[in-house]
Amino acid sequence: MRIESDFGSFDCFEPSAPAAPYAVLHLRDRLDASPADNPSLTSALEERSLRVCSPAIESCWWVNLECTRFAHAVAPFAWLRSAAVEQVTQMWGVAARQIGLLGTGIGGHGALHLAYRHPREFPVVAAIAPAVDIHSHYDRDAILQDVFPNAEAARQETATLHIHPLNWPPHQWFACDPLDPDWYEGCERLASKLSSIGIFFESDLTTSAGGRRDDYERMMLPKAVEFVANGLQKVSAAS
């Protein structure tokens, strides 16, 4: 269902069974369908009795800088952390730490980046084919060119450069098809950096759908939702 509120536009989904005492903030890839129109996602959410809220925003990279194409007069990250979280809290009475982050592509990078910047608020994150190396698309992406003066400035805003060696989300998972033409190398570099620092994470960088991202997302969504649900259960039990 589409919700229009003072905080913005959101596509939300609620399971038919009584919902778990937490929720998912879903950041979709560019032009992706709403959660309710994604059978792979809704099936996984139903199985785990999870509610999901997805900002109904297109043509936006989730960055910590203001973007003229963004619908709100703040940086996209600031809006996520305040307005989007407040929307979930008001609807379902869950605090930020009870909200798992889930995203694909551009949304996957945003989910990881938000969790790396604010790991105590968002301890659970899962990303499918996250667009980690956003700077690699600078020359062919007009939106990035609107926000950043050059590719190096875009690189400085990547999730990989915002990992704190002593403060990181305790439950993080990401996956990317090794034949993905855009985002595999960045995910591989991210995994290498996390391993070298000694940060715990889970990943799948070997399963392939032949480089077909839609097929890969359908394949990985149940695993991602299961990871988020299990992580939220652990966070809730430890609170």
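Here are some friendly notes on the strands, helices and packing of this predicted model.

1. A word on conventions. The model is predicted, with local features needing pLDDT of at least 70 and side-chain atom pairs counting only at pLDDT 80 or more, while totals for chains, interfaces and linings use all residues. Residues are numbered from 1 along each chain as its sequence is written, and side-chain values use heavy atoms, with hydrogens and water left out.

2. Strands here are DSSP runs of E with at least two residues, helices are runs of H or I with at least four, and both are numbered from the N terminus. β4 covers residues 51–55, and five of its five residues are buried (buried means under 20% relative accessible area, exposed over 50%, partly exposed in between, with a 1.4 Å probe and protein chains only). R51, C53 and P55 point one way from the strand, V52 and S54 point the other way, and all are buried.

3. Which strands does β4 pair with? Two strands pair if DSSP finds at least two bridges between them. Strand β2 (residues 8–13) pairs with β4 in the antiparallel sense over four bridges, and F13 stands opposite V52. Strand β3 (residues 23–27) runs parallel to β4 and is joined to β4 by three bridges; here A23 stands opposite R51.

4. A hairpin of two residues joins β1 to β2, and S9 in β2 is the bridge partner of E4.

5. The crossover is worth a look on screen. β3, helix α1 (residues 39–48) and β4 form a right-handed β-α-β unit; right-handed means that, with the strands pointing away from the viewer, the path from the first strand over the helix to the second runs clockwise. N38 sits in the loop between β3 and α1. N38 counts as buried because its relative accessibility is 16%. Beyond its neighbours within four places in sequence, N38 is in contact with E217 and L221 (contact means heavy atoms within 4.5 Å).

6. What holds the most contacts in the largest nonpolar core? The residues are W61, W62, W79, L80 and F174, in a core of 84 residues. Such a core is a set of buried Ala, Val, Leu, Ile, Met, Phe, Trp, Tyr and Cys residues joined through side-chain atoms within 4.5 Å. Helix α7 (residues 213–238) gives the most to this core, with ten residues. Not counting residues up to four places away in sequence, L80 touches L25, L27, P55, W62, V85 and L114.

7. Is H109 buried or exposed? H109 is in helix α3 (residues 106–117), and its relative accessibility is 1%, so H109 counts as buried. Leaving aside neighbours within four places in sequence, its contacts include W62, P130, I134 and E157.

8. Just after α6, G198 takes a positive phi of about 90°.
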